Amino acid sequence: MQIWVDADACPRAIKEILFRAAQRKCIRLTLVANQPLRSPASSYIDSLVVAAGIDVADEKIVEMLSPGDLVVTADIPLAAAALKKQGHALNPRGELYTEDNIQERLAVRNMLDELRGCGVETGGPPALNASDRQAFANQLDRFLARFGPK
């Protein structure tokens, strides 16, 4: 199993949690972004820089994803693609995307896109807070206990 991070928009606090988990559980973690990112020196952690452009990082993650891998992303279409390839997807607020909830998330995302296209201000998600970070850490721990290396 490997963890892939859609790293361009991933909050620093979430990356720090992931770095610690990768070290603790001896799991490969790859940050995928369109610019170089700082990460701790580790044989388990690396980064992959892709060309700039819409969805370039997402497409690279999907291309390299193996069944059972985990993708950390707030991008719902990327999460859906990960599930389609028999991977797992977790957002930075601690929600594990599943076959049961991904279609609803895609529908809401598409509706909000349409509203924005019509000029409606929909706002963005609230800033990540301490309870979001804790929810992410807890969900990651539960996921790794269930699917990670023994």
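Me: What makes Gln86 exposed rather than buried?
Reply: This is a predicted model, and every value here is computed from it. Gln86 has a relative accessible area of 58%. Exposed means over 50%, so Gln86 is called exposed.

Me: Where is Gln86, and what is its phi?
Reply: Gln86 sits in the loop between helix H3 (76–84) and S5. Its phi is positive, about 70°, although Gln86 is not a glycine. Most residues other than glycine have a negative phi.

Me: Which value of phi does Asp55 have, and where is Asp55 found?
Reply: Phi of Asp55 is near 65°, again a positive value in a residue other than glycine. Asp55 lies in the loop between S3 and H2.

Me: Why is Asp55 called partly exposed?
Reply: Its relative accessibility is 38%. Buried needs under 20% and exposed needs over 50%. Asp55 falls in between, so it counts as partly exposed.

Me: How many salt bridges does a search of the whole structure find?
Reply: The search finds four. Side chains of opposite charge can pair when their charged atoms come close.

Me: What makes the pair of Arg24 and Asp141 a salt bridge?
Reply: The closest N and O atoms are 2.9 Å apart. The cut-off is within 4 Å, so Arg24 and Asp141 form a salt bridge.

Me: Why does the pair of Arg24 and Asp141 tie parts together?
Reply: Arg24 lies in helix H1 (residues 12–25) and Asp141 lies in helix H5 (residues 130–147). Asp141 has 39% relative accessibility, so it counts as partly exposed.

Me: How do you know that Arg28 and Asp46 meet in a salt bridge?
Reply: Their side chains are 2.9 Å apart, N to O. The limit is within 4 Å, so the pair of Arg28 and Asp46 qualifies. The pair links distant parts of the chain: Arg28 is in strand S2 (residues 28–33), and Asp46 is in strand S3 (residues 45–49), 18 residues apart.

Me: Why are Arg28 and Asp46 called partly exposed?
Reply: Arg28 has 34% relative accessibility. Asp46 has 28%.

Me: What makes Arg93 and Asp132 a salt bridge?
Reply: The distance is 2.7 Å, N to O. That is within 4 Å, so Arg93 and Asp132 meet in a salt bridge. Arg93 is in the loop between strand S5 (88–90) and strand S6 (96–97), and Asp132 is in helix H5, 39 residues apart.

Me: Are Arg93 and Asp132 buried or partly exposed?
Reply: Asp132 has a relative accessible area of 14%. Buried means under 20%, so Asp132 is buried. Arg93 is at 29%, so it counts as partly exposed.

Me: Which residues make the nonpolar surface patch?
Reply: Val108, Met111, Leu115 and Val120 make a patch of about 310 Å².

Me: What is the volume of the largest pocket, and which residues are closest to its centre?
Reply: The volume is about 820 Å³. Of the 36 lining residues, the closest to the centre are Ala74, Asp75, Ile76, Tyr97 and Pro125. Helix H2 (56–64) and H4 each give two or more residues to the lining. H4 has the largest share, six residues. By class, the lining has 19 nonpolar, six polar and 11 charged residues.

Me: What lines the second largest pocket?
Reply: The lining is Arg12, Lys15, Glu16, Phe19, Pro36, Leu37 and Arg38. Three of the residues are nonpolar, none is polar and four are charged. The volume is about 210 Å³.

Me: Why is Leu37 called partly exposed?
Reply: Its relative accessible area is 21%. Buried means under 20%, so Leu37 is partly exposed. Leu37 is in the loop between S2 and S3.

Key:
Residues numbered from 1 in each chain as written. Predicted model: local features only at pLDDT ≥ 70, side-chain atom pairs only at ≥ 80, totals over all residues. Heavy atoms only, no water. Patch = residues over 30% accessible without salt bridge, like charges linked within 9 Å, V, L, I, M, F, W, Y side chains within 5 Å. Areas by Shrake-Rupley, 256 points an atom, 1.4 Å probe, with all protein chains shown as cover. 1 Å grid on protein atoms, 1.4 Å probe; cavity = no way out; pocket = protein on both sides within 12 Å on 5 of 7 lines; lining within 4 Å. Points joined across faces, edges and corners; volume = space filled by probe spheres on them. Helix = DSSP H or I, 4+ residues; strand = E, 2+ residues; numbered from the N terminus. Nonpolar A, V, L, I, M, F, W, Y, C, P; charged D, E, K, R; others polar. Buried < 20%, exposed > 50% of the residue type's maximum accessible area, 1.4 Å probe, protein only.
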